[in-house]
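Thanks for coming, everyone. Please bring the structure up on your screens, and we'll walk through it together.

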Amino acid sequence: MGAEWPLNANTKAVGITIRDLEVVYSTGQGQVPAVNGVDLDIAGGQITGIIGESGSGKSTLAMAIMNAVPHPGRIVKGSVVVDGVGNMLTLDKESQRRARGRNLGFVFQAAQNSLNPLTRVGHQVLDLGRSHNVRDLRGLLRRAKELLHRMGMDADRVLTAYQHELSGGMRQRVGIMFALVLDAQVVILDEPTTALDMLSQASVLEIVRSIHEERNITTILITHDMGVVADLADRVVVMYGGELAEEGETAEVLAHPAHPYTKGLIRAIPRISGDLSQAVALSGSPPDLKTFMQSGCLFYDRCPERVAECQVKRPPYESAGPERKVACFRVMPHD
Amino acid sequence: MIEVRSLEKTFPGKHGLLGHDAVKAVQDVSFRIPDGGAVSFIGESGCGKTTIGRILAGLENYTAGEVLIDGQNLATVDRRQREAVLRRVQLIQQDPYQALNPARTIEQALSDPLKVMAKARGADTAWILERMEEVLGLVGLEPQTVVHKYPHMLSGGQRQRIVIARALTVEPSVLVADEAVSMIDVSLRLGVLKLLRDLREKFHISLIFITHDVASARYVGEDGQMFVIYKGMIAEQGPTDDVILHPQHPYTQALLSAVPVLKGLESPGSDRYIPLKELDHGQSPENACLFAPRCPFAQPLCETERPALQGASGHQYACHYPQERHVVAVALKE
């Protein structure tokens, strides 16, 4: 692979096709399916929001897309085909490594902790460049500067800073810069705003939105905050207990949620206008080890709309209208 | 009732290698909370809102001003009384994962403060158990299922409920909730917020709610007062819904703009704006508006004169050019 990256302004955006993906964690109590038979098409050029509570498997899914599930997790079966790269799960190690960074950029959950505390940010940019055989390191630094400046930061100061000299919001931006500096066409953001206050969150989201539009990239946003997805994403994918519960176009899902879990998540958002009594807390606890073992619907324990059938059979994940899929026995086909 | 007048807190500077000057964390903050009332402090990380909460909970001294809790001045009461006064103010901290000792069961965590209470009123062990069940019931947990558990066996939301239950054991009249829900999954936050709201209504416990999230501040204290804090000073204050629906200060408007807009249900307010620049923690010039460096509407006057709070007594704002802007999302008609 050459050292000069192509400017992908006019190239076709990269899509990802996930088929029958299964990731298990080996624990003392046996094998826990963190991601269980997931089929998902991530459309190129769109922002896809994957939402779920703690333990829903959303972060594991993100790591599986990169084929970088940490021990003791293991990808058991399935395929993750990235356009122009191939199946991440069968590529040889070196091509995988090259794809991560150059094709797939990843912004970690705790960007605060993903930087090396002992070297300056600028040196880490150079390290990244060397490990990806970039010949024009000066150009790489220039691009890093452009990106940082683009995100409203004093680029020279940031590049010469150590991570502890940067605030949470600034580190998150530096994380985004690292994901984009090699011109990745797919950017995966894992809980990019969780540790940030509202204002930093809003500006980080604004940055993601504008860079996404400018560069025609594919963005995957992983979060537990329905508000973040509702604001930013083109498509929503709702995950529960390692499986997909619902997906569809954002405005459509927000306005007409079909799965009882999705409805609950939307109702649980406190709002700044309108009637407060409309906000209702979601009952029960997020899925735990026991949840994965039950044969019926994973959401059965917490579901206000459950029927007898739900306890014995797991609902299939089926099409429920254009661009819409739902796993629930209670959902009637759209009229 | 709590009354705070011209509160000020200055942290001494670190002279030496970095040569920082003293940091003014809180400047000229005054407010009062009636029994059963609610006050929320909103602002970014580092704006000084946590310091205010810690001062009220007695964990931090203040440099100047007066803090009166039920008429007693914190600076002048003797040590005995101070303890009794401060027991009535309980702090609920941000991180329920660190607030509980991982090696002790919930029963042990709750029985310590209850033993102190029992001793004070000459009650026996039966009273302790009874009271324990009562507070756990109040926070919406099943006593039998949680008392023998360790903190790691509970979810974030359940842990925060335990922390609240522990605060309730000493029968406080004021709860100071400092970012009490920000570490909890969004799906479970509302449950904890509802609990705080119910405690206010049922037991007349006043609530001081410190947060960066305007929406949750509104949920627990719709009928209360809201204080928008910027760099230790009040930028805007007033009845909660008034501040949210008719914000006058550009900083309040930025915070309101930052609330995510739900596609398909809402459309963004016509004047929504989000400042890309981060809060700088450096010293601000004495005679300039604190928010001027980030304010998109700043004029030359803002650089040379610090605005004082102005406006009708109910709703005040520290801005030279106050103007209402429509930044809150509007619900779409079905």
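How do the axes of helix α6 and α7 of chain B cross, and within what distance do they come? Before the answer, one caution: this is a predicted model.

Now the answer. The two axes come within 9 Å, and they cross at roughly 15 degrees. Angles under 35 degrees count as roughly parallel, so α6(B) and α7(B) are roughly parallel to each other. Their crossing is right-handed.

Let's see who meets whom. On the α6(B) side we have G156(B), G157(B), Q160(B), R161(B) and I164(B). Facing them from α7(B) are L188(B), G191(B), V192(B) and L195(B). Sort that contact by class and you get four nonpolar, four polar and one charged residues.

Next, the two chains together. Stay with α7(B) for a moment, as this helix comes up again here. How many residues of chain B are in contact with chain A? There are 40, and they touch 39 residues of chain A. The largest share comes from α7(B), with seven residues. By class, the side of chain B that touches chain A has 23 nonpolar, eight polar and nine charged residues.

On to the strands of chain B. Start with β10(B), residues 233-239. Is this strand mostly covered or mostly open? Mostly covered: six of its seven residues are buried.

β10(B) has β9(B), residues 225-230, as a partner. The pair runs antiparallel, joined by six bridges. Within that pair, M226(B) stands opposite G238(B).

One pair to find on screen: L68(B) has N73(B) as its bridge partner.

Last stop, chain A. Eight strands form an open sheet here, and the pairing is mixed. Reading across, the order is β6-β7-β8-β3-β9-β10-β12-β11. The edges are β6 (104-107) and β11 (318-319), each pairing on one side only.

Inside that sheet, look at β3(A), residues 47-51, and β8(A), residues 218-223. They pair in the parallel sense over five bridges. I47(A) has T219(A) as its bridge partner.

One helix packs on this sheet: α7 of chain A, residues 168-180. It touches β6(A) and β7(A), the latter being residues 186-190. What angle does the helix direction make with that of β6(A)? About 170 degrees.

To recap: in chain B, two roughly parallel helices, one of which gives the largest share of the side touching chain A. Then a mostly covered strand, β10(B). And in chain A, an eight-stranded open sheet with mixed pairing. That's the tour.

Methods. Residues are numbered from 1 along each chain as its sequence is written. Chains are lettered from A and ligands numbered from 1 in the order in which they are written. This is a predicted model: local features need pLDDT of at least 70, side-chain atom pairs count only at pLDDT 80 or more; totals for chains, interfaces and linings use all residues. A residue is buried if 20 or more other C-beta atoms lie within 10 Å of its own, exposed if 12 or fewer, and partly exposed in between; C-beta atoms are placed from the backbone. Helices (H or I, at least four residues) and strands (E, at least two) are DSSP runs, numbered from the N terminus. Two strands pair if DSSP finds at least two bridges between them. Two residues are in contact if their C-beta atoms, placed from the backbone, lie within 7 Å. Ala, Val, Leu, Ile, Met, Phe, Trp, Tyr, Cys and Pro count as nonpolar, Asp, Glu, Lys and Arg as charged, and the others, Gly among them, as polar. Axes are lines fitted to C-alpha atoms, for helices over the stretch in contact, and angles run from 0 to 180 degrees between N-to-C directions. Angles under 35 degrees count as roughly parallel, over 145 as roughly antiparallel, 65 to 115 as roughly perpendicular and the rest as oblique. A crossing is left-handed if the near helix is turned anticlockwise from the far one by less than a right angle, and right-handed if clockwise.
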